[in-house]
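Notebook open, viewer up. I'm jotting down what I look up as I go.

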Amino acid sequence: MTKPSLPDLLHAAVSAVGGTERPGQVAMAEAVGEAIDDNSHRLIQAGTGTGKSLGYLVPALAHGERVVVATATLALQRQLVERDLPRTVEALHPQLRRRPQFAMLKGRSNYLCLHRLHEGAPQDEEEGLFDQFEAATPTSKLGKDLLRLRDWADETETGDRDDLTPGVSDKAWAQISVSSRECLGATKCAYGAECFAEAARERAKLADVVVTNHALLAIDAIEGAPVLPQHEVLIVDEAHELVSRVTGVATGELTPGQVNRAVKRAAKLVDEKSADSLQTASESFERVMELALPGRLEEIPEDLGYALMALRDAARNVISAIGSTRDKSVHDEDAVRKQALAAVENIHTVAERITNGSEYDVVWYERHDRFGATLRVAPLSVSGLLREKLFEDRSVVLTSATLKLGGDFNGVAASLGLSPEGVEGDDVPVWKGLDVGSPFDYPKQGILYVAKHLATPGREGTRGDMMDELAELIEAAGGRTLGLFSSMRGAKAAAEELRGRLDNPILLQGEETLGELIKAFAADPKTCLFGTLSLWQGVDVPGPSCQLVVMDRIPFPRPDDPLMSARQKSVEEHGGNGFMAVAATHAALLMAQGAGRLVRASGDRGVVAVLDPRLATARYGSFLRATLPDFWYTTDRNQARRSLAAIDAGALAEGK
């Protein structure tokens, strides 16, 4: 039997999902197929509307080897497992003569733990989980959530938190889930045979396609103990997010509250001397943290250094002591011991990492009004880690709507540990970049308007001219505005000001769940939605409800961001341009994602307005503009208003 051709398979899959085949999608599928066949790597930029998930799923399923697909967002994971994969598998079955299996796999804490549910979470006090709220506050929000979780445990087939609707608070979920460090292990646990996390792993071992998230991919790479099953092909979707997700997983933190909880958990399991030394170290760490001021620590202050060494040594002693004592009087001793061990091991790991003082780590204090100070440590760069762990022994395809920054792939490639395209040598993963374009006609569908006449934004204070400009643009558009702000303070200030000046309803991120806000924004064209980071990437509202996307300023990282400023400084010390490599690249990525909110379908029309003149006047402006969709470009404020008014009039006429 002849092997079915990729175009035929793609055609069958696209027909099954009711889509339209696009040239970019065909080019993408062929490039993914080539990469899999010759065990090479690809960076593929596929604009909104390309249909990129089918562009990689079809060649992956056709190949027959096991594939891991890692995505950044829950929405895409669900779309793949609940819609794209079932339909594609069925559509390809007549030609492939097989039905590839697929499964979702996440980190252990995403699954309900039956042991924790039935035996109770080891408490700092002497009370069990359900006694606590049933006796005291059965009507509290936490109590209701926990009762609902107990009922859900009898119904759910997956135990996956994301299958619980409506969801519960992080606090409630923490009562019935465990981290991989806290888990007793299937062989020791009374509920091991029914464990949801173990069942998910078993399904993944049997699956041809495993859908996971960037965080689990990072854990698999960093911790050395394989979490994902062996696979021949790795596809990273939403790949522009990968570096920040891997950095997040590789970041350690210590807070006085966290250390205190570990002390309480360990105290009942170890001898008095070990417990006292950890308690003393905890108190001295707390005293240091009370005086902590936010910012990077280029050198560890002497008092912090002593406190961390004391914590490290005391934690090491407690870890040894926990391992060598048994106490049958402790209820559910194995679980209590495992949770205490996990908490103390984390303290030891982070304290040791900071006291060792690697030149490849950045250490800083953060201070929160409500929670006090946190000590953090993160890698200066994850590029070496990714080069070593990601690209060996498998074909890797990285795809996103935003991978070309300033016109080429090399900036993103460098952050992933790759050399410039075309460079070959020992231990250098060879890769090719492909931009398959977008099916949208950006110059005809959208305008990029830069408000060149405004004052350059400063770090502090309100921008009266910017508020006037924003109000006039919203009025011209008849509402229909997604406002993307570089800070929550800026979004709040604009919402407060314009609620007093305009008749249009203005929704503000944080005043309701993101899902509800987006639903309300999409339902009423007169409405505006203002917010910050998650709106830059998480809004998909085609049609007349979103015809003006406003960015208040170029979203450079804050100058006092410890990790970004450390990365910038490191590039400069090695002879590079730190501002372009770090700050401008960060801003370009966000702006491209933000501008991508405007045109989500072939009938969409609108304006992206950037209220920061530097996009038109600064030397780096052309780099940023080259990253954005190829909209028609203007700095003429009257032109922008006329266009918005015409688009508004057209939408109103169509709506009649």
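Predicted model: local features only at pLDDT ≥ 70, side-chain atom pairs only at ≥ 80, totals over all residues.

**Around helix α4**

Residues are numbered from 1 along each chain as its sequence is written, and side-chain values use heavy atoms, with hydrogens and water left out.

Back to R97: it is not a glycine, despite that positive phi. I found R97 in the loop between α4 and β3. Buried or exposed? I checked R97. R97 is exposed, at a relative accessible area of 61%. (Buried means under 20% relative accessible area, exposed over 50%, partly exposed in between, with a 1.4 Å probe and protein chains only.)

Then I looked at α4 itself, residues 74-96, and saw a bend of about 40° at L80. The bend at a residue is the angle between axes fitted to the seven residues ending there and the seven starting there. L80 is also one of the buried residues of α4, along with others including L76, Q77, D84 and L92. What do the buried residues of α4 pack against? My list reads α1 (6-16), α3 (52-63), β2 (67-71), β3 (102-104) and β4 (209-213). Contact here means heavy atoms within 4.5 Å.

**The seven-stranded sheet**

Next I traced the open sheet of seven strands, order β3-β4-β2-β5-β10-β1-β11, with parallel pairing. Two strands pair if DSSP finds at least two bridges between them. β3 and β11 are at the edges with a single partner strand each, so one side of each has no neighbour in the sheet. Neighbouring strands here are turned by 15° against each other on average, direction ignored.

I zoomed in on β5 (residues 233-236) and β10, which pair in the parallel sense over four bridges. V233 has S395 in β10 as its bridge partner. S395 belongs to strand β10, residues 395-400, and counts as buried at 1% relative accessibility. Which backbone oxygen lies 2.7 Å from a polar atom of the side chain of S395? That is the one of S40. A polar contact is a pair of N or O atoms within 3.5 Å; within protein, one must be able to donate a hydrogen and the other to accept it, and residues adjacent in sequence count only if both atoms are side-chain atoms. Leaving aside neighbours within four places in sequence, S395 touches A35, I36, N39, S40, H41, E232, V233 and L234.

I then followed an open sheet of four strands, β6-β9-β8-β7, with antiparallel pairing. Its edge strands are β6 (252-254) and β7 (295-296), each pairing on one side only. β8 (residues 361-368) and β9 (residues 372-379) pair over eight bridges in the antiparallel sense. I picked out D361, which stands opposite P379 in β9. Helix α23 (residues 562-573) packs on this sheet and touches β7, β8 and β9, its direction making about 155° with that of β8. Axes are lines fitted to C-alpha atoms, for helices over the stretch in contact, and angles run from 0 to 180 degrees between N-to-C directions.

α23 also packs with helix α24 (residues 578-595), at an angle of about 150° and with axes 7 Å apart. Among the residues making that contact I noted M564 and V571 of α23, and F579 and H586 of α24.

I went looking for arginines. R480 is not a glycine, yet has a positive phi of about 50°. R480 sits in the loop between α19 (464-477) and β13 (481-484), and counts as buried at 4% relative accessibility. R337, in helix α15 (residues 333-356), is buried too, with a relative accessible area of 9%. A polar atom of the R337 side chain lies 2.4 Å from the backbone oxygen of I322.

Last stop was a peptide bond: T165 to P166 is cis, with omega near -10°. P166 is in the loop between α7 (141-155) and α8 (170-175).

Methods: Helix = DSSP H or I, 4+ residues; strand = E, 2+ residues; numbered from the N terminus.
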